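Please look over the model shown here before reading the notes on its fold, its ligand site and some individual residues.

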Amino acid sequence: MSCDPAGFAGRVIRWQRTHGRNTLPWQNTRDPYRVWLSEIMLQQTQVAAVLGYYERFLTRFPDVQGLAAAPLDDVLAQWSGLGYYSRARNLHACAQQVVQLHGGAFPQTALVLQTLPGIGPSTAAAISSFCFGERAAILDGNVKRVLTRVLGFGEDLASSTNEKQLWCHARALLPARELQENMPRYTQGLMDIGATVCLPRNPGCLICPVQTQCTACAEGRPEAYPVKTRKLKRGAESLWLLHARAENGAVWLQKRPTPGVWAGLYCLPVFASRAALDAALPQPVRGNVREVEPFVHVLTHKDLHLHPIQAMLPAGWSAGEGAWFGAREWPGLGLPAPVRRFLEAV
Ligand code: SF4
């Protein structure tokens, strides 16, 4: 397993200049607030999905001070639909720490950035290399794929020892000079190769800038890398959603408890069984509900089978925690994507 670091970094940098992505809204800036926001939004989420959210979020929270001072509900509302809501809660907590502990300026090294909520080693390195030219290695899922293939690294990444070894290789391949110019370009180049060329299936080896250095390509089996044996165990859960409506069109929403699915978001009341939902309704309403076609919402670890039940309730009705929200109010709240889609559809 060998790869000439200078040759590798040089190829990645040159290719990025002419073939990489250079016009995304979070590029061509060294503002750590903007870079950090894009890196968090792009975790587990495609570029196309992030574009609209990024612009809207920046309009609402133009700087870290504004984000830190905003109520968490407002942040969740802006995040609504992007999924993985712990990212939004961490984003808010991180902004507050940047203001309170760092005087409103993001730390400039990956080591210190990692101490902030929601910033892992790879995200920290992306921020510090993009904004401050630090010689720090990223290793997100796409980059792991590129590097394991280039290096022919066939060790099982389910083992933390092997993953640490790959981190060492990633550091050894970093550019060694002109870091202010080269580090952002190299980091972006690796991301771009992973996202647009070295795809999980049918990688574009013929157009890849590091093909001549790539072990997996020479072996003729790029898809054999990376090796990771531990499979995610998927589960399934059924939930019943009470779509309680008042005669004036208002809908009853409750804030979801933390921790748990959709923590901190506004949601239709959720029940673990149909019987539990029925028990929450007044006796005369129970026999007068409407069952809506169930639908499945896919989370990372499980499929949620959602069963909405509609009921008309008097405006004075209350299901404990929560409140009635009119048709002009609920669209502005932070709602789970499937609940928002359901409410919009009905
Ligand atoms: Fe990936 Fe092929 Fe490039 Fe190797 S040559 S890094 S397998 S696209």
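The briefing below begins with the chain as a whole and then goes on to the ligand, the cores and selected residues.

This is a predicted model, in which local features need pLDDT of at least 70 and side-chain atom pairs count only at pLDDT 80 or more, whereas totals for chains, interfaces and linings use all residues. Residues are numbered from 1 along each chain as its sequence is written, and side-chain values use heavy atoms, with hydrogens and water left out.

**Overall fold**

- The secondary structure of the protein chain comes to 15 helices and eight strands, where helices (H or I, at least four residues) and strands (E, at least two) are DSSP runs numbered from the N terminus.
- Taken along the principal axes, the C-alpha atoms of the protein chain fill a box of roughly 75 × 45 × 35 Å.
- Of the 346 residues of the protein chain, 48% count as buried; buried means under 20% relative accessible area, exposed over 50%, and partly exposed in between, with a 1.4 Å probe and protein chains only.
- Among contacts (heavy atoms within 4.5 Å) in the protein chain between residues at least 6 apart in sequence, 66% join residues at least 24 apart.

**Ligand site**

- The space taken by the ligand is the largest cavity; on a 1 Å grid over the protein atoms alone, a cavity is a set of points where a 1.4 Å probe fits but cannot get out, and a molecule sits in a cavity if more than half of its atoms lie within 2 Å of its grid points.

**Nonpolar cores**

- In the largest nonpolar core, which has 94 residues, Phe8, Trp36, Phe57, Leu147 and Leu253 touch the most other members; a nonpolar core is a set of buried Ala, Val, Leu, Ile, Met, Phe, Trp, Tyr and Cys residues joined through side-chain atoms within 4.5 Å.
- The largest share of this core, seven residues, comes from helix α8 (residues 121-132).
- A second, separate core of 15 residues includes Trp240, Leu281, Ile309 and Leu313.

**Val35 and Trp26**

- Val35 has its place in helix α2 (residues 32-42) and is buried, with a relative accessible area of 2%.
- Leaving aside neighbours within four places in sequence, Val35 is in contact with Trp26, Thr29, Ile127, Phe130 and Cys131.
- Trp26, in the loop between α1 (5-19) and α2, is buried as well, with a relative accessible area of 7%.
- With neighbours within four places in sequence again left aside, Trp26 is in contact with Arg34, Val35, Ser38, Leu42, Val47, Val50, Leu51 and Tyr54.

**Helix α15 and strand β7**

- The buried residues of helix α15 (residues 337-345) are Ala337, Pro338, Val339, Arg340, Phe342 and Leu343, and they pack against β1 (235-245), β2 (251-255), β3 (266-267), β6 (295-298) and β7 (302-312).
- Gln310 lies in strand β7 and counts as buried at 5% relative accessibility.
- Not counting residues up to four places away in sequence, Gln310 touches His243, Arg245, Val289, Arg290, Val292, Phe342 and Val346.
- The C-alpha atoms of Gln310 and Arg290, 20 residues apart along the chain, are separated by 5.0 Å.

**Backbone features**

- A cis peptide bond with omega of about -5° joins Tyr225 and Pro226, and Pro226 lies in the loop between α12 (215-219) and β1.
- A cis peptide bond also joins Thr258 and Pro259, with omega of about -5°, and Pro259 is in the loop between β2 and β3.
- Gln44, a residue other than glycine, has a positive phi near 60°; Gln44 sits in the loop between α2 and α3 (47-60) and counts as exposed at 60% relative accessibility.
- Asn202, likewise not a glycine, has a positive phi of about 50°; Asn202 is found in the loop between α11 (179-197) and α12 and counts as exposed at 66% relative accessibility.

Technical notes. 1 Å grid on protein atoms, 1.4 Å probe; cavity = no way out; pocket = protein on both sides within 12 Å on 5 of 7 lines; lining within 4 Å.
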